[in-house]
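Please prepare a briefing on the protein model shown below, with the cut-offs behind each term stated where the term is used.

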Amino acid sequence: MSTSQGAITCKAAVCWGLGMTVKLEEIQVDPPKSGEVRVKMLCASICHTDVSGIQGSPYVNGFPLVPGHEGVGVVETVGDEVKNLKEGDMVIPTYIGECGHCRNCVSGKTNLCLTYPFRITGFMPDNTSRMSCRGKKLQHTWTCATWSEYTVVNANYLLKVDPGINLAHASFISCGFSTGYGAAWKEAQVESGSSVAVFGLGAVGLGAISGAKMLGATKIIGVDTNEMKREKGKAFGMTDFINPQDSDKPPSELVKELSDGFGVDYSFECTGVPSLISESLAATKMGTGKAISIGAPNEPIVPFNHTTILAGRTLKGSVFGGLKTMSDLSIVADKCQKEEFPLQELFTHEVPLTDISKAFDLLKEPNCVKVVIKI
């Protein structure tokens, strides 16, 4: 690792084109500009959205890019006009900000800030990049680009956390687990005594189960084709498990059979599989049921059975589970620090950054939940 005129030469995972294999490259990371921070990454993890992005998700805008939006690191250099962070602070990069003053922030209705929005352009807020390789500018995945020894992030997209936090667990709450947890807490506002179905028991789905349990749901049904997820779901608070491959009936009917024939109060679709969006909505109660779409689909247009929504059900989309970066994620981080979640159940595999290509094979293992990238 070397520095030159403020730039750092380091290792990072780079994807050069649609569907191409991620490769470890030597890249240059510029010093931060005004309002920015350069972060030395310590730990990252893989979200399935990273994989779908490389394969052509509408949430990735171009190549070459440095993937990764989950992780935790230490502030290495602070740019001008940064008031709330200093060198040595432990931080979590995020992909949405919170100004606290725009009409969205003050409305209390959404976590999508208008001043510091969710960016899919691949560039910093000034539409430039701080990363380059072989003379080409690299795109920052969702303002984060965590699969790198160093990255530059606008200070408004960073959350300061306790330096004693478990690094792997901090990485898990930077997106996946928190997205599901927030969807139950902030988007659905699950009520005590209610019933819940969760489609897909990866880190997001297990987060939704954890959030539903925290809010007092008495029946929490997990739906997954991977039988190994049965025990994982129970660890987070699931009461019933459905493997759709065990029946010829659609998953929504199986959910109804476990919920008095009427369906559940709240449903969470965590996979992005198009057909399951319709199924998750149909699994809720007529007239009052609410389904939250969390999983990012590969297709921008997803069909669903219109009669299910005509019957008074509600389908709502969600980004980052409705969590605000400063106001809400800080609460999740505090709970993480206090070990209120069994996040060790998510930690199934670990690879060093130098072995990043192996991580994609590990994701295919039936017992894999989260792959930690040790940086």
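Cysteine 336 counts as buried at 6% relative accessibility, where buried means under 20% relative accessible area, exposed over 50% and partly exposed in between, computed with a 1.4 Å probe on protein chains only. This is a predicted model, in which local features need pLDDT of at least 70 and side-chain atom pairs count only at pLDDT 80 or more, while totals for chains, interfaces and linings use all residues. Residues are numbered from 1 along each chain as its sequence is written, and side-chain values use heavy atoms, with hydrogens and water left out.

**Cysteines**

- Cysteine 43 is likewise counted as buried, at 5% relative accessibility.
- The closest cysteine sulfur to that of cysteine 43 belongs to cysteine 336 and is 11 Å away, too far for a bond, given that a disulfide is a pair of cysteine sulfur atoms within 2.5 Å.
- Cysteine 336 is accordingly in no disulfide, and the count by this rule comes to zero disulfides.

**Overall fold**

- The protein chain has 11 helices and 19 strands, taken as DSSP runs numbered from the N terminus (helices: H or I, at least four residues; strands: E, at least two).
- The radius of gyration of the protein chain is 20 Å, close to the 21 Å that the globule rule gives for 375 residues, so the chain is as compact as a globular protein of that length; the radius is taken over C-alpha atoms, and the rule is 2.2 Å times the number of residues to the power 0.38.
- Along the principal axes, the C-alpha atoms of the protein chain fill a box of roughly 65 × 45 × 40 Å.
- Of the 375 residues of the protein chain, 57% count as buried.
- Among contacts (heavy atoms within 4.5 Å) between residues at least 6 apart in sequence, 69% join residues at least 24 apart.

**Surface and charge**

- The protein chain exposes about 15400 Å², of which carbon and sulfur atoms supply 50%; accessible areas come from the Shrake-Rupley method with a 1.4 Å probe, and for residues only the protein chains shown count as cover.
- There are 35 positive and 39 negative side chains in the protein chain, and the centres of the two sets lie 3 Å apart.
- In that count Lys and Arg are positive and Asp and Glu negative, with His and the chain ends not counted, and the place of a charge is taken as NZ of Lys, CZ of Arg, CG of Asp or CD of Glu.

**Helix α8**

- Seven of the nine residues of helix α8 (residues 274-282) are buried, so this helix is largely enclosed by the rest of the structure.
- The buried residues of α8 include Leu276, Ile277 and Leu281, and the elements that cover the buried residues include β12 (195-199), α7 (251-257) and β17 (314-317).

**Loops and backbone geometry**

- Most residues other than glycine have a negative phi, and most peptide bonds are trans.
- The peptide bond from phenylalanine 63 to proline 64 is cis, with omega near -5°, and proline 64 is found in the loop between α1 (48-54) and β5 (65-66).
- Glutamate 81, in the loop between β6 (70-78) and β7 (90-93), has a positive phi near 70° and counts as exposed at 58% relative accessibility.
- Glutamine 189, in the loop between α4 (176-187) and β12, has a positive phi of about 50° and counts as exposed at 55% relative accessibility.
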